[in-house]
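Biologist: Could we go through this model together? I would like to begin with the charged pairs and then turn to other topics.

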Amino acid sequence: MIINSFEFLLFFIIFFVIYYIPRFDTRYQNLLLLVGSYFFYGYASLKMLPLLIAVTIIFYYLGLAIQKSGDTKKASILTTLGVWSGVGILLYFKYFNFFITSFSELFESFGLQTNWHTFNIIMPLGISFFTFKLISYIIEIHRGHIEADRDFISFAAYVSFFPCILSGPIDRPNSFIPQLSQTRHFDYDMTSDGLRQILWGMFKKMVLADNIAVVVDQVWNSYTAFPSSTLILAAVLYSFQMYTDFSGYSDMAIGVGKILGVKVTPNFNYPFFALNIADYWRRWHMSLTSWLTDYIFMPLNVRFRDWGNWGMIVAIIINLVAVGMWHGDNWTFAAFGLYHGLLFVPLILTGAFFKKNKMKTTYWGLPTFRMALKMLFTFMLVTIGLVIFKAHDVTQAFDYLLSCFGTGILSLPKVQGDTNGTLLFSLLFIIILLVIEWKQRSKEYGLSIDNLSRVKRLGAYSFFLLVIYFFGTDTSSFIYFQF
């Protein structure tokens, strides 16, 4: 039951009606959120529901114990235990087989045979998201930023909140849990805004991401048979596929949250309009980036501060490698993180990292030539990184990138059969996406739908609904479900 499916629509309509029954109070709504979230998660991964419940119970009591211990050595020990428990869960379910395979291959490279075998470990859906919620919860208690939640129902609803459990965003307890302490009443404006965001997310996912995937998969599955121009086009399209797939889910999750009276953490801020790679990471998967910045980069930066700029470089590279490895058990993810970490080096050494980026526009509201070049160069760097991200292994990543500079680089890109039609309207909708998002980003030149007349608003909604109906698909899972 994915968020853009008919099954989810039926589930949510029933849930919505019960959720806003007037005579029920806050605790009832939280209980309903918890039951609905466990039903949603169990529908997707019933075997792993006991794990989610178990770790929720453990961290609930751990948080209470840290709160009770105060600022003592015992509290530090309990916090460290909790952090490593969360990390241990991730290491076991996501990386245990990876470590076995990697060490086995390492020993075999020296001529030493091993009898190590991988295990049939099933990775729980959303484990990277809910474990980060749990870890941040106990850290924030230990730092004194929040108090332990004594209401188990409220805490468990935060951990398992169904719109975000499978692919984020990663909400912090500081902003999310306090929202569950008061009754949510139906709000027409918030619901309308949520529905608009869901519609926009469905357009991004079902019309753009899923159709782009047809072209990208065809090229990647036999990339040696295509000219360099087609490989470059597929790499560029994959950048848009990744963005529209992931941000489309985030939009839908945030929109569902708004309908339920809950504000979910924003996850994207027009990353393809970034002016450099640091600006990009402030705009891409913001809930993960800010999480790792607060809990990994900042402590490392303090520890390495005596090294000056080089200490910051080391901290950023470690942080970005962690970002990459968070995605899964493949050396391509580590290489992806290392690549992005190295891109920060010239920014730090030249001082550009410390400067604020301000977009300069022309009289017509378009970016200046210099700004456009910066955005294009940043997009190119991001696209190269996503080739590494998508590849099956590091060897394939380098082979694909080298093939982009082979024969046919100046020829027109070609795809096979009916995919040409899919390619053409995908490019058209990408242009529509960029125009609308540029308008939204540049609010002084923007098009706020609230400022349109009712007829124009209905026309805009009707257009996107028709586009989704005729060009969209609901058969493809989300890329980030695997993480």
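Biologist: Are aspartate 251 and lysine 204 buried or exposed?
Modeller: Both aspartate 251 and lysine 204 are buried. Please bear in mind that this is a predicted model.

Biologist: What do their side chains form?
Modeller: They meet in a salt bridge, at 2.8 Å from N to O. Aspartate 251 belongs to helix α9 (residues 228-259) and lysine 204 to helix α8, so the bridge ties together parts that are 47 residues apart in sequence.

Biologist: Which residue forms a salt bridge with lysine 205?
Modeller: Aspartate 245 does, and the closest N and O atoms are 2.7 Å apart. This pair also links distant parts of the chain, with aspartate 245 in helix α9 and lysine 205 in helix α8, 40 residues apart.

Biologist: Why does aspartate 245 count as buried?
Modeller: Its relative accessibility is 2%, and buried means under 20%. Lysine 205 is buried as well, with a relative accessible area of 0%.

Biologist: Changing topic: where do positive charges gather on the surface?
Modeller: The patch consists of Lys355, Lys358, Lys360, Arg370 and Lys374. Lysine 355 is placed in the loop between α13 (331-350) and α14 (369-390). With a relative accessibility of 57%, lysine 355 counts as exposed.

Biologist: Which residues form the nonpolar patch?
Modeller: Phe6, Leu9, Leu10, Ile13, Ile14, Val17 and Ile18 form it, and together they have about 660 Å² of accessible area. One of them, valine 17, is found in helix α1 (residues 6-19) and counts as exposed at 53% relative accessibility.

Biologist: Now α5. Why is it described as largely enclosed?
Modeller: Because 15 of its 16 residues are buried, the rest of the structure largely encloses α5. The helix covers residues 127-142 and reaches 23 Å from its first C-alpha to its last, close to the expected 22 Å.

Biologist: What comes just after α5?
Modeller: Glycine 144, which takes a positive phi of about 80°.

Methods
Residues numbered from 1 in each chain as written. Predicted model: local features only at pLDDT ≥ 70, side-chain atom pairs only at ≥ 80, totals over all residues. Heavy atoms only, no water. Helix = DSSP H or I, 4+ residues; strand = E, 2+ residues; numbered from the N terminus. Expected span 1.5 Å × (residues − 1). Buried < 20%, exposed > 50% of the residue type's maximum accessible area, 1.4 Å probe, protein only. Patch = residues over 30% accessible without salt bridge, like charges linked within 9 Å, V, L, I, M, F, W, Y side chains within 5 Å. Areas by Shrake-Rupley, 256 points an atom, 1.4 Å probe, with all protein chains shown as cover. Salt bridge = Lys/Arg side-chain N within 4 Å of Asp/Glu carboxyl O. Lys, Arg positive; Asp, Glu negative; His and termini not counted. Charge placed at Lys NZ, Arg CZ, Asp CG, Glu CD.
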